Amino acid sequence: MKIAIHKSGGFSERWINYCQKNSIDYKIVNAYDSDIIKQMADCDAFMWHHHQANYKDCLFAKQLLFSLQQSGKKVFPNYNSGWHFDDKVGQKYLLESINAPLVPSYVFYTSEEARKWIDKTTFPKVFKLRGGAGAANVMLVHTRREAKKLVCKAFRGGFPQYSGWRNLKERIRKYRLGKTDIKDVLKGVVRLLVKPEFAKMHAPEKGYVYFQDFIPNNTCDLRIVVVGNHAFGIKRLCRENDFRASGGGSLIYEKSQIDERCVKIAFDVSDTLHSQSMGYDFVFDHNGNPLIVEMSYGYAVEAYDKCEGYWDRELNWYSGENFDFCGWMVEDMLLNN
Ligand SMILES: Nc1ncnc2c1ncn2[C@@H]1O[C@H](COP(=O)(O)OP(=O)(O)O)[C@@H](O)[C@H]1O
Ligand SMILES: [Mg+2]
């Protein structure tokens with residue numbers, strides 16, 4: 001068994017460490033090379049932590065991974081884990097189709113249909129672009145008028161995936177909380193003028209609108225990750241005077257803070273979908289029932305290093321920080337299934 005790894009930070013550094021430590025045969029490949037398929041000839045598996053904020057990855061990561069999977073090689077992420085990555089609209093259909101507890105979600109592909117719905121639904125609602133992370137493309141819509149303005153934009157010029165102002169505001173917020181330095185804020189100012197490559201290359205999001213029911217009174221969300229037979233989680237506090245937790249940077253790691261019903265749901269959904277790795281975001285409705293808001297095969301690695309431990313499938317608990325969940329991903333490549 002030889003594993004090809006595209007080195008891109010994120011999971012990949014840890015995959016490489018795991019291979020080195022356990023004498024697993026691997027080679028580094030460059031997924032962007034045109035002859036990548038040929039380079040894979042002497043390998044049995046391919047692992048790539050592709051990222052939603054890299055425009056090149058968005059162009060072909062899924063296509064390359066699925067092509068290699070079709071040729072009989074093991075890949076990470078495989079089709080079941082990856083096809084709906086950074087696609088909340090895809091996730092809506094998927095989670096509805098398996099009766100998973102998704103927050104009630106609505107999508108429209110014409111402004112007429114969207115307006116009809118806006119006229120008869122209640123507000124506030126949560127508006128989201130299908131892609132993006134760290135709550136960058138998620139906002140609360142208080143009124144019909146606001147919602148119609150968004151619909152207008154969605155079916156005219158569309159929405160940029162990246163907003164320099166939003167980005168700067170977030171840096172200033174973190175600076176005020178002592179979570180970043182002044183250099184980071186200045187970088188944000190520069191970013192107003194010099195857009196990141198991703199912002200320049202990504203087409204505007206348009207031609208659809210996506211809303212969810214707003215689930216009020218959540219001061220945090222829960223992120224539960226399932227990798228193979230293991231699950232772990234964190235609680236993420238919402239930003240001050242804001243309903244959004246992800247990307248806020250206030251994390252709680254204690255086991256006692258994680259509702260095990262979410263762990264059970266996460267295992268069940270991952271089983272049904274046969275996914276290798278999946279992070280689920282949960283909020284709680286007025287009856288205290290957990291609801292999924294979105295899911296993702298990829299996530300920031302460092303965020304989980306301080307988890308107090310992890311669960312197995314029977315919800316037995318294993319204490320200890322710094323468990324190697326990226327190593328578990330490599331182990332899965334070595335299995336014959
Ligand atoms: N329907 C909702 N009701 C209440 N809060 C929500 C809802 N959807 C998202 N949130 C909050 O907003 C945050 C960002 O939303 P999410 O869909 O996870 O987008 P992202 O991909 O940017 O993380 C979540 O972490 C959660 O705190
Ligand atoms: Mg999220």
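Are Asp281 and Glu294 buried or exposed? In this predicted model, Asp281 is buried, as is Glu294, where buried denotes under 20% relative accessible area, exposed over 50%, and partly exposed the range in between (1.4 Å probe, protein chains only). Residues are numbered from 1 along each chain as its sequence is written, and chains are lettered from A and ligands numbered from 1 in the order of writing. Because the model is predicted, local features need pLDDT of at least 70 and side-chain atom pairs count only at pLDDT 80 or more, while totals for chains, interfaces and linings use all residues; side-chain values use heavy atoms, with hydrogens and water left out.

Asp281 belongs to strand 12 (residues 277–284) and Glu294 to strand 13 (residues 290–296), and the pair, 13 residues apart, links distant parts of the chain. Helices (H or I, at least four residues) and strands (E, at least two) are DSSP runs, numbered from the N terminus.

The chain is divided into domain 1 (2–76), domain 2 (88–94 + 101–213) and domain 3 (220–334), with bounds that come from an automatic or database domain assignment. The centres of domain 1 and domain 3, taken over C-alpha atoms, are separated by 24 Å. Their contact involves 16 residues from domain 1 and 18 residues from domain 3, contact being defined as heavy atoms within 4.5 Å.

Helix 8 (residues 164–176) packs with helix 9 (residues 182–193) at an angle of about 170°, the axes being 9 Å apart. Helix 8 is therefore roughly antiparallel to helix 9, since angles over 145 degrees count as roughly antiparallel, under 35 as roughly parallel, 65 to 115 as roughly perpendicular and the rest as oblique. Axes are lines fitted to C-alpha atoms, for helices over the stretch in contact, and angles run from 0 to 180 degrees between N-to-C directions. Residues making the contact include Trp165, Leu168 and Ile172 of helix 8, and Ile182, Val185 and Val189 of helix 9. By class, eight nonpolar, three polar and four charged residues take part.

Pro196 occupies the loop between helix 9 and helix 10 (197–201) and is buried, at a relative accessible area of 15%. Leaving aside neighbours within four places in sequence, Pro196 is in contact with Tyr162 and Arg191. The C-alpha atoms of Pro196 and Ala53 are 9.6 Å apart, although 143 residues separate the two along the chain.

Most peptide bonds are trans, and most residues other than glycine have a negative phi. The peptide bond from Phe76 to Pro77 is cis, with omega near -5°; Pro77 is found in the loop between strand 4 (74–76) and helix 4 (79–82). Phe123 and Pro124 are likewise joined by a cis peptide bond, with omega about 5°, and Pro124 is found in the loop between helix 6 (111–120) and strand 6 (125–128). Leu315 has a positive phi, near 65°, in the loop between strand 14 (309–312) and strand 15 (317–319), and counts as partly exposed at 24% relative accessibility. Asn322 has a positive phi near 55°, lies in the loop between strand 15 and helix 12 (325–334), and is exposed, with a relative accessible area of 55%.

Definitions and conventions:
Nonpolar A, V, L, I, M, F, W, Y, C, P; charged D, E, K, R; others polar.
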